[in-house]
Amino acid sequence: MYSVKEAFYSLQGEGGQAGRASVFCRFSGCNLWSGREADRATAACRFCDTDIRGTDGQHGGRFASADALADHLAGLWPDAPGTATPQVIFTGGEPLLQLDAELIDAMHRRGFDVAVETNGTLPAPAGIDWLCVSPKGDAPLVQTTGDELKLVHPQADAPPSRFVDLPFRHFFLQPMDTAPLGGGDSLAQTVAYCLAHPQWRLSLQTHKIAGID
Ligand SMILES: C[S@@+](CC[C@H](N)C(=O)[O-])C[C@H]1O[C@@H](n2cnc3c(N)ncnc32)[C@H](O)[C@@H]1O
Ligand SMILES: Nc1nc2[nH]cc(C(=O)O)c2c(=O)[nH]1
Ligand code: SF4
Ligand SMILES: [Mg+2]
């Protein structure tokens, strides 16, 4: 059984694939926060910008099998002209609590590339085409390889220097959207860090700038 908060068709807003049309599957639940505002201040991850509870979002629900969920997600890809490879982005919540090889295979059989956004505290199954790891504070990092490491910045207990020697192909710093918390000048700090440490590239949340989701 898979629990999905919401699913939607949009453009990847972040990281090295920003701008690519994708179907998003946002799984419910996370191992670093309950999703309740009352628990935010004491959670392992405190700055989450997302509603991760329940299955009540658009195209959300509970799916009894990998094929049922894969059919549901493939149905969100538009009947559009051209030859672009469809992509599904499994996110959440924490997708690696639910994503398994069966669902990855089911999406591949439907012609989709499979991308994942994870906090890196759980091992990733094989077969993912684009793995984005986004470490959180002092939560243990288990998944130490992938395509991109995308660190939300600044985090007092997660300096970029701790991650920059890991074997990822791309290193992004993403300014912390402080809307859930209030205050801060994370954009200026992130720009300054990238200028001083050129291994890191700036990732802006372009979907928020564009106002698309
Ligand atoms: C909502 S998380 C879900 C996936 C997974 N749990 C994770 O944390 O990577 C999706 C992406 O949004 C980023 N994110 C969450 N809250 C953010 C915020 N306030 N500002 C900037 N990025 C944020 C995460 O770091 C992650 O890269
Ligand atoms: N457009 C858009 N791009 C995204 N890339 C990662 C997202 C996420 O919440 O995982 C996200 C999201 O929520 N929306
Ligand atoms: S790990 Fe990801 S989904 Fe979980 S609370 Fe943090 S940002 Fe949100
Ligand atoms: Mg998001």
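Biologist: Which strands each supply at least two residues of the shell around ligand 1?

Modeller: In this predicted model, they are β5 (113-118) and β7 (146-153). The shell has 18 residues, and D49, T50, N119, S134 and D177 are the closest.

Biologist: What makes a residue such as T50 part of the shell around ligand 2?

Modeller: A residue counts if its C-beta atom lies within 6 Å of the molecule. T50 is listed around ligand 2, along with S10, L11, Q12, G13, E14, T91, E117, H207 and D213. By class, that shell holds 1 nonpolar, 6 polar and 3 charged residues, while the shell around ligand 1 holds 6 nonpolar, 7 polar and 5 charged.

Biologist: What makes M107 stand out in the largest nonpolar core?

Modeller: That core has 37 residues, and M107 is among those that touch the most other members, as are C25, L73, V88, F90, V114 and V116. Contact requires C-beta atoms within 7 Å. Leaving aside neighbours within four places in sequence, M107 meets that condition with A70, L73, V88, F112 and V114. Another core, of 5 residues, lies apart and includes C30, C45, C48 and I52.

Biologist: How many of the residues in the protein chain are buried?

Modeller: Buried residues are 36% of the 213; the cut-off is 20 or more other C-beta atoms within 10 Å.

Definitions and conventions
Residues numbered from 1 in each chain as written. Chains lettered and ligands numbered in written order. Predicted model: local features only at pLDDT ≥ 70, side-chain atom pairs only at ≥ 80, totals over all residues. Helix = DSSP H or I, 4+ residues; strand = E, 2+ residues; numbered from the N terminus. Nonpolar A, V, L, I, M, F, W, Y, C, P; charged D, E, K, R; others polar. Core = buried A, V, L, I, M, F, W, Y, C linked by C-beta atoms within 7 Å. Buried ≥ 20, exposed ≤ 12 C-beta atoms within 10 Å, placed from the backbone. Contact = placed C-beta atoms within 7 Å.
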